Amino acid sequence: MTATPTSPVSFRKPGSPCHRYLGFGLGLRTPHYDTILETRPAVDWFEILSENYFCAGGKPLHYLDRIRADYPVVMHGVSLSIGSSDEVNIDYLKQLKTLAKRVEPQWISDHLCWTGVAGNNLHDLMPLPYTEEAVAHVVSHVNQVQEYLGRRIALENVSSYVTYKQSAMAEWDFLREIAERADCLILLDINNIYVSSFNHGFDPHLYLEGIPTERVQQFHLAGHRHCDDYIIDTHDEPVIDPVWQLYAHAVRRFGDVSTIIERDDNIPPLEELLAELDHARRIAASVETELAA
Amino acid sequence: MIDATKPREARTPTSKDLARLQQDFQNYVLAASTLDHAGIEAEVVGTTKASAKSRLGIYSEAYRLRLIEALDTDYITLHTLVGDDTFEKLALAYVDAYPSKVYNMRWFGAQLPEFLKTTPPYSNYPAFGEMAAFEWALTLAFDADNAPVLRIEDIAAVPGDAWADMTFACHPSLQRLDLRWNVPAFWKAIGNEEEAQAPQQNEFPIAWMIWRRDLDSYFRSLPVDEAWALDAIRSGANFAEVCSGLCEWIDELQAAQHAAGLLKGWVSEQLISGLKY
Ligand SMILES: [Fe+2]
């Protein structure tokens, strides 16, 4: 493998509730299991999709345990549905906590969205209206979840395709307000900011400026599909240049933030993702040099 | 374009607003083809680039695509058997009939075998339902609970006078199916990229077991006496009861020896996880 590992340093901004800096990682995907165990690639950490390991035994947990033995792992969920008007789902949290006991993740994250009501799961990250009511609702859910899990969670901004008429604040104000009032962390998806800025016509830099630096635990980078009138967040292509540029801005503002590349479809051989990850390392390093100068 | 930074009209929403908005949106996504969209459309901002309707459509389309893809992952050989068009139709019908309630899409297809067996026109083609049942059993074996497996020495160590009362625990991955159509042969041929014959109907249902050894799934058919004996130990029968039940097919004098032979076979196939006496 060609990747050059950086040596992640223990890093914490003054007054920050964030966990230690892990460096540059990848989303763990099934087609890479064997390559990872055979070649021990220079990836600093892996992010798993929590729900994929809500099972009793067999291959998924077998590989997870082995990879966990060699790498730090973070748990990332898609079905917490923190903004749902349903009650917090205790059965879901129970399974999440059981998995956390096994994995001992560095942290746990999910999305600032809702995924269904009345017990349904749309398996999609549905946007919330940016209202005071929704802030209060999500904050109360985050409080319950953090209490149950006994730890802070990180919430990720999602890509969205609709704006609700009732929204009364910008998305970044909504995210900041919730993170501060619920005392949780932020997973900033740089690609999602880019996608939503195009879909809704805002300046992505304003978004970055609206986010409190001390709460940003992690970055996501990913590719998307451009459909002329809107962009769809597909995670099936390499990261595009404008998203890399936005990432450089984010590093300038937030400093060293644990970063992964997400690829969920059209998954290439691991080497390709390692090369993409090296690109992220180079950008972060050059921003640091620039800041030092 | 929407100016996302500009505060909109002052409004004091009640918590009912959020619940209603989500319920309207979900109704729209779940039943995009039949429902009146006016409720949710009125809640969403349209722009010159993309109308409210086309923006909402991204969500309802993605819902179906995503779940059909999940079914395709679990029922890849059923897909080959029925062809692209029929697969898409039956998957869409299933998605509409069984809105997802699961956290992990891996479980979404759990009721597809039942759906195909009971819903026309698919119920007219019993091989479809049986293929689905077979593939689902493979997925169940794939990530069922782990358990230790007995070795031949463990059985040999049981004192002779304890054999009659001995009961067994099967490996948690073990699945049993009775199939009228030889869908496993079709599955195997497709898996080996060989020419596959359309599944044939057997004169009588054939018993199959599907289970996991270490990390890999296996399946094989069972002679009628072995199927009966395996089902008996799964429901708690002891060794003596298995022996007397086997007399239906085996001479009484040979029944105990035959039962012991079956048991050794299961142990060597890593099917037995525990015994009690
Ligand atoms: Fe993301």
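## Stop one: a serine in chain B

Select B:Ser173 and its surroundings: leaving out residues up to four places away in sequence, B:Ser173 touches B:Ala141, B:Ala144, B:Ile210, B:Trp211 and B:Arg212, where contact means heavy atoms within 4.5 Å. Before going further, note that this is a predicted model, in which local features need pLDDT of at least 70 and side-chain atom pairs count only at pLDDT 80 or more, while totals for chains, interfaces and linings use all residues. Residues are numbered from 1 along each chain as its sequence is written, chains are lettered from A and ligands numbered from 1 in the order in which they are written, and side-chain values use heavy atoms, with hydrogens and water left out.

B:Ser173 sits in the loop between β1 (167–170) and β2 (175–181) of chain B; helices (H or I, at least four residues) and strands (E, at least two) are DSSP runs, numbered from the N terminus. Is B:Ser173 buried or exposed? Its relative accessibility is 0%, so B:Ser173 counts as buried. The scale used here calls a residue buried under 20% relative accessible area, exposed over 50%, and partly exposed in between (1.4 Å probe, protein chains only).

Now show the side chain of B:His171: the side chain of B:Ser173 makes a polar contact with it at 2.8 Å. A polar contact is a pair of N or O atoms within 3.5 Å; within protein, one must be able to donate a hydrogen and the other to accept it, and residues adjacent in sequence count only if both atoms are side-chain atoms.

## Stop two: where the chains meet

Color the two chains separately and look at the contact, which takes 53 residues from chain B and 59 residues from chain A. In chain B, pick out B:Gln22, B:Tyr59 and B:Tyr103, which lose the most area to chain A, together 17% of what that side buries. The area buried between the chains is about 4,800 Å², with carbon and sulfur atoms giving 56% of it; buried area is the accessible area (1.4 Å probe) that two parts lose on being put together, summed over both.

Which residue of chain B forms a salt bridge with A:Asp124? Select B:Arg66: the closest N and O atoms of this pair are 3.4 Å apart. A salt bridge is a side-chain nitrogen of Lys or Arg within 4 Å of a carboxyl oxygen of Asp or Glu, and across this interface the rule finds two. The count between the chains is 30 residue pairs in polar contact, both residues at pLDDT 80 or more.

Next, highlight α1 (15–30) and α3 (52–74) of chain B, the elements that give two or more residues to the side that touches chain A. The largest share of that side, 12 residues, comes from α1(B).

## Stop three: salt bridges inside chain A

Over all chains, a search of the whole structure finds 24 salt bridges. Select A:Arg29 and A:Asp264, whose side chains meet in one of 2.8 Å, N to O. A:Arg29 lies in the loop between β1 (24–27) and α1 (33–39) of chain A and A:Asp264 in the loop between β10 (258–261) and α9 (270–292) of chain A, so the pair ties together parts that are 235 residues apart in sequence. A:Arg29 is buried at 8%, whereas A:Asp264 is partly exposed at 33%.

Move on to A:Arg252 and A:Glu290, which form a salt bridge of 2.7 Å, N to O. Here helix α8 of chain A holds A:Arg252 and helix α9 of chain A holds A:Glu290, so the pair ties together parts 38 residues apart in sequence.

## Last stop: a proline and a cysteine

Find A:Pro238 in the loop between β9 (231–232) and α8 (241–254) of chain A. Leaving aside neighbors within four places in sequence, A:Pro238 is in contact with A:Gly223, A:Arg263 and A:Glu276.

Finish at A:Cys18, which is buried at 8% relative accessibility. The whole structure has zero disulfides, a disulfide being a pair of cysteine sulfur atoms within 2.5 Å. For A:Cys18, the nearest cysteine sulfur is that of A:Cys184, 10 Å away.
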